[in-house]
Amino acid sequence: MAIVETRKLTKVFKQGQPGAVNHVDLETREGEFLVFLGPSGSGKTTLLRMIAGLETPTSGEILIGGNVVNHLPPRERRIAMVFQSYALYPHLTVYQNIVFPLKAQKVKKELHKQKVEWASALLGIGRLLDRKPRELSGGERQRVALARAIVREPSVFLLDEPLSNLDAKLRASAREELEQFQKRVGTTTIYVTHDQVEAMAMGDRVVVLNQGTVRQIGTPQEVYDQPADTFVATFLGSPPMNLLETDDLIVGFRPERFLPSGLVAGSGSTDEIASRMKTEHLLLADVGKRVPLRFRVEYIEYLGAERILYGALEGGRFPGKAVASRIPSGVTERYEANSVHDFIVPESELKFFDRASEKRVAPKAIPWQ
Amino acid sequence: MVSGTGRRVFGGLVHALVLMAFSVLLAFPFYWMLITIFKRTNDLYNLQNNPFKFNEKPTLEHLQLLFHDTLYLRWVANTAFVGAIVVLITLVLAVPAAYALARLTGRWGERLGIAIFLTYLVPPTLLFIPLSRLVAILGLQDSLWSLIVVYPSFTVPFSIWLLMGFFKSIPRELEDAAMVDGLTRFGAFVKLVVPISVSGILTVVIFSFTLVTQEFVYALTFISSEAHQMVGVGVPIFLVRGDVYYWGSLMAACLITSLPIALLYNLFLDRFIAGFTVGAVK
Amino acid sequence: MAMTNRKLGVLMFSPAIIYVLAVVGVPFVLAFVYAVGDVKIASVGYHYVGLANFRSVLESPTFRRSLYDSIIFTVGTQVVVLVGSTVLSLALKDRFTGRGFIRFLILLPWVAPVSLGTIGWKWILDSIYSVINWVLVHLHFVRPFDTPMWLGEPTLAMISVIGVESWRLLPFSTVILLAGLTAIPRDIPEAAAVDGAGFWRTLFQITIPMILPIVNVAILFGVIFVFTDMTVVYILTRGGPYDTTQVLPSLAFFTGILGSDLAEGAAISIFLVPILVAVAYFMLRVASRAEVG
């Protein structure tokens, strides 16, 4: 077990161009599942590769278990990595793949068989040991890659988008398995992904990256509910947070908090609400003060149970401003294109950002009319 | 790549040394040709002189001898003539055949394609004896036409193989679309596949032409008179008078002929290699 | 006019097949026919003589010497080329400034016409004015007037023809291996590095096994090219001194064309066929494996 730490870590690929990773400071916790989340080009993979020792930092330090490892080759860092493509050795059988790190690390021969069996049992791939990688399905390959990573009991796991090659259905189950697996072995894990669902579901904490800088580090709930800036606010959530610009401020609210006024407690009699809604938990309970907004629906997207309404605000301070609303399942109200409705946002759900720095600031009262 | 500073410097040094050693070893003869071309005869044949530098003033006499007093230019012209016609024959035969084998005849065509490729492995040194007789029967001995008839024996098989790979990489939907849009299958081949494959066809042109310039055995066997020689045989055989080697002119002929061919070949190299790897690389 | 794909296909490939059959298939068969006949240049008739030509060939010490030389020549060249091209392709694998130019220099021997490159070597290995000897003398490795006769002594001559043939083939083999190396996904050596493998372990347990199929292709082509080549030998030594560098193809040329004995020349060149068949067999295996995998 070990803690990974980076200090002012920077990588510039081409001199004179902006760095792929800029002054990144972060520290994992013992046994933590830390997710690097960002769009492509955000530097998340470069950051991971520097920690692995596959990329040389331009400046800054990497510490594993309290020691600076900048000068160490990957094999001396006591890490294991699962690659996006899994990077299984195609000419070796599953057994030979898994035993490879043991041989390379000069683990005693007598222990090989036992360790491989332990790792393959852990991943449930005991019956595949004689196969070649090309004879395996995507999910099986992923497990072999994990077994190869776990077998020498590394102090840190590095995973680079290991689920992105699986089809959607498999991905969900693999995600859960991977999470369970990490909890069981308890090894500090850094996981790179561009998929916010994965990040939210798996991470103990999430590091949101953009253009090589850390935008926010926090638990999934923190980064979702208290985004540090407009990038984090819009990168997470689907559809992204609605943002309205005014003077030196940007006001934001999530589409699922932008709801028909009649559906929110306090805006009508309880009976009325009960009659309109079938599932009670989707209701926003007593939300205190609310901001009323007129919403012209332009386009409706049906997502099975839920619906997403796209449209624009009417009148008020932000006429014509494009916004979206996510209507929970159970709401039976019909919406049609080009109809105008009264919507509200609970004031407690409003996020405020400085317009210049795009950083979040304390809530302020603004005139809505 | 991924080691400590000391190891990296050492690795870089070994890397540079390996590259340098091989470059020198492989390119040296051409450098030597260049030096030899401009050296005076006395300079070349004086053992006391350092052969790496010009001990006497450089001269153009070897080049003049080559261009004025030998048939070098004639040989170059012969080679260009044979090359051009062989390229033409190769295209006419190989382009439709490759398309048919890649697209129209299914698995069976695939097999036939491999069989044709294997004929490329049958070497001139096995065929030249019977062919010399056939050439005589056709009355083509000592004629450039003997080479024109025979050279497609190695340019066609390899070209078919190269083009098959090329045609297979064109998405089938493209032809399907053309046929839905009203072309016949053959029309789609002529109007769509061939224009798309210009670069593949160009590869075949260059490849066939360079193969013709490199060929030695057939030219040596079929052509007897000096005036009808190809450059690859004329230079090493006919520039030598008895036992006298005109090294300056000889080297000039070698270098002047080699460089353009080498440049051309180099441009298309990756595609030739794709043909040679027989699908063992994906 | 409706025409099935198959009919159109046959129509499109027939000319090529017929041509190839005429200029490869017919002489290939004739080579066997001549080898069991009594054909000479300018002779008219043909008489079947059975295995007489093969008998006389096999009894000839020159032939046996040539067969032996051919094997030494082929194996020697393959060993040099394989080791050299492996090292060189590894050195060329990664991008670096000037790679394109270095690649061009390295390719020269392959892309230049073989007879012309070889004549360059003939000058470098000249019995009197060899630049190699000049360097050796000035480094005091050999004494003046006692310099090696590169093409005049049996062992040195064999070393010279192997050297020049290797020089010629090395670039070809290198680019083939390079194609194999660049096809290895970058992840694989990186995974090996993370797994703890150093340079040598990665080389011998990952890289080389992974390019083995392509190494096989390079060897197969190499064997064919070298075993059937007569150009280097013909220009450098004409098989001399005393037939010690004579190989089967050059012997077939001297016997069949210059010696006018087509039948015996054909019989000699028939000995190339077993190697061809073997290579063709292995090539088919490579091709079919590529089809499956």
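How many helices and strands does the secondary structure of chain C come to? Chain C comes to 13 helices and zero strands, where helices (H or I, at least four residues) and strands (E, at least two) are DSSP runs numbered from the N terminus. The model is predicted: local features need pLDDT of at least 70 and side-chain atom pairs count only at pLDDT 80 or more, whereas totals for chains, interfaces and linings use all residues. Residues are numbered from 1 along each chain as its sequence is written, and chains are lettered from A and ligands numbered from 1 in the order in which they are written.

Along the principal axes, the C-alpha atoms of chain C fill a box of roughly 80 × 75 × 35 Å. Of its 293 residues, 50% count as buried; a residue is buried if 20 or more other C-beta atoms lie within 10 Å of its own, exposed if 12 or fewer, and partly exposed in between, with C-beta atoms placed from the backbone. Among contacts in chain C (C-beta atoms, placed from the backbone, within 7 Å) between residues at least 6 apart in sequence, 69% join residues at least 24 apart.

Helix α11(C), residues 248-258, is largely enclosed by the rest of the structure, because nine of its eleven residues are buried. Among these buried residues are L248(C), P249(C), L251(C), F253(C) and F254(C). Their cover includes α6 (124-137) of chain B, as well as α3 (61-92), α10 (231-236) and α12 (262-270) of chain C. Just after α11(C), S260(C) has a positive phi of about 65°.

The contact between chains B and C takes 78 residues from chain B and 79 residues from chain C. On the side of chain B that touches chain C, α14(B) supplies the largest share, 13 residues. That side divides into 57 nonpolar, 18 polar and three charged residues; Ala, Val, Leu, Ile, Met, Phe, Trp, Tyr, Cys and Pro count as nonpolar, Asp, Glu, Lys and Arg as charged, and the others, Gly among them, as polar.

Helix α14(B) (residues 247-276) packs with helix α7(C) (residues 154-182) at an angle of about 80°, their axes being 10 Å apart. Axes are lines fitted to C-alpha atoms, for helices over the stretch in contact, and angles run from 0 to 180 degrees between N-to-C directions. The two helices are therefore roughly perpendicular, a class covering 65 to 115 degrees. L269(B), I273(B) and F276(B) of α14(B) make the contact with V175(C), I176(C) and A179(C) of α7(C). The residues of this contact are six nonpolar, no polar and no charged.

Not counting residues up to four places away in sequence, I160(B) touches residues including A94(B), A98(B), L101(B), I116(B) and A16(C).

Chain A comes to nine helices and 19 strands, and its C-alpha trace spans about 75 × 50 × 30 Å along the principal axes. Buried residues make up 38% of its 369 residues. The domain assignment gives domain 1 (4-230) and domain 2 (238-361) in chain A, with bounds from an automatic or database assignment. The C-alpha centres of these domains lie 38 Å apart, and four residues of domain 1 are in contact with seven residues of domain 2.

Key:
Two residues are in contact if their C-beta atoms, placed from the backbone, lie within 7 Å. Angles under 35 degrees count as roughly parallel, over 145 as roughly antiparallel, 65 to 115 as roughly perpendicular and the rest as oblique.
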